[in-house]
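Dear colleague,

I am handing over the structure below, and after it I set out what was found. Please keep it open beside this message as you read.

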Amino acid sequence: MSGLWLYSVIVNNIKTTVSALSCSLFIFACSLSCKVSSKSNSQELIERVADDVSTITTTSAQVTPPARLNMREIDGEYCPEVEQKCLRWLDKDQSPSANFGIGPLRCAEFAPSKCLSNKRRSMKFYIDKYEWPNKENEFPLVTIDWYSAKAKCESVNKRLCTADEWTFACEGEGMNPYPYGDGLHRDDTACNIDEPSMDPSTPRSEWFKHNRSVPSGVMTRCISPCGVNDMTGNVDEWVHNVGGRSDGDPYFSGLKGGYWGPVRTRCRPMTTVHGPGHSFYQQGFRCCSSASL
Ligand SMILES: [Ca+2]
Ligand SMILES: [Ca+2]
């Protein structure tokens with residue numbers, strides 16, 4: 001119980017906007033709801049203590065099933081339309097036609113975000129803390145297509161995240177482009193980003209040589225305001241792009257967060273040009289669920 005007591009004391013004394021905390025003393029299951037405007041040292045402290053509580057959960061012979069471990073509860077008000085204005089690009093070519101019409105990719109600094117939607121949407125769900133297999137210190141699985149990723153989530157009674165769920169777990173209610181630091185400044189030491197990418201013509205048999213992913217949890221500052229790791233960078237993540245097409249861009253199979261290479265690696269953008277049968281050397285996934293498992 002000392003872990004829970006400490007958790008409670010710290011949470012009660014921290015003046016952040018982390019507000020809701022659902023916690024059952026009877027089953028030792030605690031989870032942070034995600035009502036935070038930006039990441040802070042206090043948030044990291046809560047995260048560490050929450051992990052301690054999880055440890056208590058695992059050693060308890062009581063109720064918590066294995067699937068519930070390493071998931072974060074996300075509960076808050078999501079803004080669907082956000083203005084995120086880049087103040088300073090890092091790319092040499094900053095024309096709108098750069099990068100096949102995407103424009104410049106890497107932004108050094110953003111202006112504060114603004115919610116453009118008239119009304120926010122209430123969302124509540126659960127998301128894996130790490131990329132699949134959702135285990136600290138293990139390398140994320142890559143070279144997997146959307147269908148296989150979906151099947152793996154369903155094999156543990158979960159599902160792929162929707163694009164909006166994924167974005168919300170990355171940004172929190174603060175709507176910031178980057179899940180680390182103040183959310184507005186790119187930091188190539190916080191998450192695993194801006195490493196060399198592979199020549200796309202490399203034969204499949206040599207892809208593994210170019211894998212620059214790191215084990216889950218190694219990037220200790222790459223934690224979103226919702227307590228979720230490696231959302232930007234490390235490996236790209238399949239999501240369900242609700243309303244997407246089966247026969248062309250935008251496909252229902254979306255990719256979020258970018259990977260270790262020098263790409264956007266922000267919470268909001270999604271790659272929608274790859275169909276569900278596509279797989280490449282940097283593509284992985286994580287799972288969500290609608291209810292606590
Ligand atoms: Ca880097
Ligand atoms: Ca990732």
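Two strands are said to pair if DSSP finds at least two bridges between them, and helices (H or I, at least four residues) and strands (E, at least two) are DSSP runs numbered from the N terminus. Please note that this is a predicted model, in which local features need pLDDT of at least 70 and side-chain atom pairs count only at pLDDT 80 or more, while totals for chains, interfaces and linings use all residues. Residues are numbered from 1 along each chain as its sequence is written, and chains are lettered from A and ligands numbered from 1 in the order in which they are written.

The protein has four helices and 14 strands. Of its 293 residues, 40% count as buried, where a residue is buried if 20 or more other C-beta atoms lie within 10 Å of its own, exposed if 12 or fewer, and partly exposed in between, with C-beta atoms placed from the backbone.

I begin with a sheet. It is open, has four strands in the order β12-β11-β10-β13, and its pairing is mixed. Because β12 (270–271) and β13 (283–285) stand at the edges with a single partner strand each, one side of each is left without a neighbour in the sheet. Helix α4 packs on this sheet and touches β10, β11 and β12, its direction making about 130 degrees with that of β10; axes here are lines fitted to C-alpha atoms, for helices over the stretch in contact, and angles run from 0 to 180 degrees between N-to-C directions.

Within the sheet, β10 and β11 pair in the antiparallel sense over four bridges, and Glu237 has Lys256 in β11 as its bridge partner. Strand β11 (residues 253–256) is also joined to β12 by two bridges, again running antiparallel, with Lys256 opposite Met270 and Leu255 opposite Thr271. From β11, Ser253 and Leu255 point one way and Gly254 and Lys256 the other, and all are buried.

Leaving aside neighbours within four places in sequence, the contacts of Leu160 include Ala149, Cys153, Trp238 and Cys288.

Helix α3 has Trp146, Ala149 and Cys153 as its buried residues. Seen down the helix axis, these fall within an arc of 65 degrees, so they line one face of α3; the arc is that of the directions from the helix axis to the C-beta atoms. The face turned away from the buried side carries the exposed residues Ala151, Glu154 and Ser155. Among what covers the buried residues of α3 are β9 (159–160), β10 and β11. Just after α3, Asn157 takes a positive phi of about 60 degrees.

Notes:
Contact = placed C-beta atoms within 7 Å.
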